[in-house]
Amino acid sequence: MAVLTTSTATRPSGARPLGLRRLTQLNWFGGAAGWLWLVIVLIPLYWIVVTSFKDQGAFFTQNPFALPTDPTIANYRLVIESDFPRYFVNSVIVTAGTILPAVAISFMAAYAIVRGAGSRFLAGINGLFLMGLAIPLQATIIPVYLLIIKMHLYDSLLALILPSIAFSIPLSVLVLTNFIRDVPKELFESMRVDGATEWGMLRKLTLPLTRPALVTVSIYNGLGVWNGFLLPLILTQSPDKRTLPLALWTFQGQYSVNVPAVLASVVLTTLPIVILYALGRRQLLSGLTAGFSR
């Protein structure tokens, strides 16, 4: 009791309890806005998933947000039987064929730019990469189309991979360059004293330390390639060369009345993206914050 009395007596008269001070410091408006935005985002996602398990009759007669009274997977079966696995494999090939070379080239280019900071040639290369960020894909679609025709690559998956690599490199170099600059120079100097070559420092030092940034650019560019619509639309015409976004567009035409089937194809197309983000979420956030911290 004496301790409590002393503590109460020594507390300033105008001071508020610690718990009350913490409550007043919380950003209640920001928290409420965040929850409101979460609800706004989840409502259409909920409607898409619920509707994909309804048949056409239930779609037109039931409440749009009501759970299906008789759930069915017939819509998913219909989509899968319409060459959906082929389109999925095409998207995987294009995405993997773009991300692996683009990230490898960007990583080596960023390392050379950081390590050769005094070179005018490398500075010019870095400026060229930065200029690539200002050129949108839509502005170059005609030259890209003509180049693909001249190279006899039209209507092939390689015609989608090569331009996607070119448009993935500039942003990847920017992120990786900012991230590699944060690696202490003393580590490079100590490895140099131990006799390590540039390739050794690239593989044994820079690669492990920049793994969050590599995951960041891989996921970001992978999402862009996976959702790409313009290049498959312009550079391919055969049904067996379609990727998922283009196939989704054809599903919408094929099942213009069967809305649940269209939404089932949307769910199947989006599911790999959600899984990829869930697996690399921590690395993605840490790479974005650390890469631009300077």
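Residues are numbered from 1 along each chain as its sequence is written, and side-chain values use heavy atoms, with hydrogens and water left out. Because the model is predicted, local features need pLDDT of at least 70 and side-chain atom pairs count only at pLDDT 80 or more, while totals for chains, interfaces and linings use all residues.

The chain has 15 helices and zero strands; helices (H or I, at least four residues) and strands (E, at least two) are DSSP runs, numbered from the N terminus. Of its 294 residues, 36% are buried, where buried means under 20% relative accessible area, exposed over 50%, and partly exposed in between (1.4 Å probe, protein chains only). The accessible surface of the chain is about 17,900 Å², and carbon and sulfur atoms hold 69% of that surface. Accessible areas come from the Shrake-Rupley method with a 1.4 Å probe, and for residues only the protein chains shown count as cover. Among contacts with a separation of 6 or more, 73% join residues 24 or more positions apart; contact means heavy atoms within 4.5 Å.

The UniProt record, an unreviewed entry, lists "transmembrane region" for residues 26-49, 87-114, 121-148, 160-180, 213-235 and 255-279. UniProt positions are given in the numbering used here, feature names are shortened, and annotations may be inferred rather than shown by experiment. In the model, residues 121-148 are 75% helix and 0% strand, with 29 Å between the end C-alpha atoms. Residues 160-180 are 100% helix and 0% strand, and their end C-alpha atoms lie 30 Å apart.

On the surface, Trp35, Leu36, Trp37, Leu38, Ile40, Val41, Leu42 and Leu45 form a nonpolar patch with about 840 Å² of accessible area together. Patches are made of residues with over 30% relative accessible area and no salt bridge; like charges are joined within 9 Å, and nonpolar side chains (Val, Leu, Ile, Met, Phe, Trp, Tyr) within 5 Å. One member, Leu42, lies in helix H3 (residues 28-52), and its relative accessibility of 43% makes Leu42 partly exposed.

Helix H8 (residues 141-150) has Ile141, Val144 and Ile148 as its buried residues. These cover an arc of only 60° around the axis, so they sit on the same side of H8; the arc is that of the directions from the helix axis to the C-beta atoms. Ile142, Leu147 and Lys150 are exposed on the other side of H8. The cover over the buried residues of H8 includes helix H9 (157-180) and helix H13 (230-235).

Ile148 shows this packing at the level of one side chain. Ile148 is in H8 and counts as buried because its relative accessibility is 3%. Setting aside neighbours within four places in sequence, Ile148 is in contact with Leu153, Tyr154, Ala159, Pro163 and Leu235. Ala159 is eleven residues from Ile148 in sequence, with a C-alpha to C-alpha distance of 6.3 Å.

His152 lies in the loop between H8 and H9 and is exposed, with a relative accessible area of 72%. Asp83 has a positive phi near 65° and lies in the loop between helix H5 (74-80) and helix H6 (84-115). At 41% relative accessibility, Asp83 is partly exposed.

Side chains of opposite charge can pair when their charged atoms come close. The chain has three salt bridges, a salt bridge being a side-chain nitrogen of Lys or Arg within 4 Å of a carboxyl oxygen of Asp or Glu. Glu198 and Arg115 form one of them, at 3.6 Å from N to O. Glu198 is in helix H11 (residues 198-209) and Arg115 in helix H6, so this pair ties together parts 83 residues apart in sequence. Glu198 also meets Arg192 in a salt bridge, at 2.3 Å from N to O. Relative accessibility is 30% for Glu198, 35% for Arg115 and 39% for Arg192. Asp240 forms a salt bridge with Lys241, their closest N and O atoms being 3.4 Å apart. Through shared partners, salt bridges join Arg115, Arg192 and Glu198 into one network.
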